[in-house]
Amino acid sequence: MPVLLSLLAAASLLSSCDSTPRERQEVVERETQKLDTLAERAADKLRVAGRRAARFDSVSRVRNRQPLDPAAEQAFSNELLGSYSAIGSLTPATIEPAFVQFMQQVRARRKQWSQRDWDYATAISRQLNAQFRAVRLDIKGRDELHIRALQTEFTALETSRDVKDLGEAVKQP
């Protein structure tokens, strides 16, 4: 906004009959320098944010290359799925309640999770989705629609966390 006001002031000087061409030229040069300074500051901030985003991405890639601990994954599965933790044995009748249980726990716990916790939740979600695909043809239509809505919600929550963490990484010194 200050830049706009400066430009308006410069424009009024340019149209003023009480100034000389040299005075108008000096005003334009001063305002141009101000714009150049603002552009340089913005470019510096973008470079810093870009480096921080790249560092966040690099850390995420390293984390994603590390295999999940099977015992920790099973414990996480037990916490999130309770009696539905034997994902491979879920049937068309039990797959929808398993998704409901999973999402209830995700909603309740997500704010305390680290990125690694999300990795475990994502692995469990993938297993649930694979089992869903295996039994999908025998699932009632309304249950399938509900499962699809829950899948979408999980993806939205996970993406929201990624965006939040990236935003925090970019802001940090």
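**Helix contact and pocket**

Author: Ile95, Glu96, Phe99, Val100, Phe102, Met103, Val106 and Arg107 in α4 meet Asp143, His146, Ile147, Leu150, Gln151, Glu153, Phe154 and Leu157 in α6. Contact means heavy atoms within 4.5 Å. This is a predicted model: local features need pLDDT of at least 70, side-chain atom pairs count only at pLDDT 80 or more, and totals for chains, interfaces and linings use all residues. Residues are numbered from 1 along each chain, and side-chain values use heavy atoms, without hydrogens and water.

Reader: Are α4 and α6 roughly parallel or roughly antiparallel?

Author: Helix α4 (residues 95-109) packs on helix α6 (residues 141-171) at about 25 degrees, with axes 10 Å apart. Angles under 35 degrees count as roughly parallel, over 145 as roughly antiparallel. The pair is therefore roughly parallel.

Reader: Which element gives the most to the lining of the largest pocket?

Author: The largest pocket holds about 240 Å³ of space. A pocket is an open set of points on a 1 Å grid where a 1.4 Å probe fits, with protein on both sides within 12 Å along at least five of seven lines; lining residues have an atom within 4 Å of a point. α2 (21-65), α5 (115-135) and α6 each give two or more residues to the lining. With six residues, the element that gives the most is α5.

Terms used: Axes fitted to C-alpha atoms, helices over the stretch in contact; angles between N-to-C directions. Helix = DSSP H or I, 4+ residues; strand = E, 2+ residues; numbered from the N terminus. Parallel < 35°, antiparallel > 145°, perpendicular 65-115°, else oblique. Points joined across faces, edges and corners; volume = space filled by probe spheres on them.
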